[in-house]
Amino acid sequence: MSLTTDFISELIRAANESDQLTHYEISRLFDRAIDTIRDMREQTGAVETHRARDVLIDMRISSERARDLSAEEVRDALVDAADVIRTLKILLERTP
């Protein structure tokens, strides 16, 4: 498995156990997702869309407000992060 695939799996596992994560763990996962998405976007050369920026903004806010988020909100945000990373991974695999 690649590091990206491993991280996607980690995000999904964390989403399934969101009620058991500490605020620090939640914030750290969001921060790693943000960094990963930015790096992958640079690799794809993809032009940022408003939606893509919104995802990063939402993740940054979620990271900063980790203490205030419900387990459901954490789960949904982690699944969103995994989905964006998975989509970028597919784009990178198709790029020659």
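## A serine pair

The side chains of S63 and S27 are joined by a polar contact of 2.9 Å, a polar contact being a pair of N or O atoms within 3.5 Å, where within protein one must be able to donate a hydrogen and the other to accept it, and where residues adjacent in sequence count only if both atoms are side-chain atoms. This is a predicted model, in which local features need pLDDT of at least 70 and side-chain atom pairs count only at pLDDT 80 or more, while totals for chains, interfaces and linings use all residues. Residues are numbered from 1 along each chain as its sequence is written, and side-chain values use heavy atoms, with hydrogens and water left out.

S63 lies in helix α3, residues 50-64, where helices are DSSP runs of H or I with at least four residues, numbered from the N terminus. With a relative accessible area of 6%, S63 is buried (buried means under 20% relative accessible area, with a 1.4 Å probe and protein chains only). Leaving aside neighbours within four places in sequence, S63 is in contact with S27, F30 and D31, contact meaning heavy atoms within 4.5 Å.

## Helices α2 and α4

Helix α2 (residues 23-44) packs with helix α4 (residues 71-94) at an angle of about 20°, their axes 10 Å apart; axes are lines fitted to C-alpha atoms over the stretch in contact, and angles run from 0 to 180 degrees between N-to-C directions. That makes α2 roughly parallel to α4, since angles under 35 degrees count as roughly parallel and those over 145 as roughly antiparallel. By class, the contact of α2 with α4 has 15 nonpolar, three polar and two charged residues, where Ala, Val, Leu, Ile, Met, Phe, Trp, Tyr, Cys and Pro count as nonpolar, Asp, Glu, Lys and Arg as charged, and the others, Gly among them, as polar.

A33 is found in helix α2 and, at 0% relative accessibility, counts as buried. Not counting residues up to four places away in sequence, A33 touches F7, M59, A81 and I85. A33 and A81 are 48 residues apart in sequence, yet 6.3 Å apart in space, C-alpha to C-alpha.

## Helices α1 and α4

Helix α1 (residues 3-16) and α4 pack at an angle of about 160°, with their axes 8 Å apart, which makes α1 roughly antiparallel to α4. The residues in this contact include F7, I8 and L11 of α1 and A81, A82 and I85 of α4. By class, the contact of α1 with α4 has eleven nonpolar, two polar and three charged residues.

Terms used
Helix = DSSP H or I, 4+ residues; strand = E, 2+ residues; numbered from the N terminus. Parallel < 35°, antiparallel > 145°, perpendicular 65-115°, else oblique. Buried < 20%, exposed > 50% of the residue type's maximum accessible area, 1.4 Å probe, protein only.
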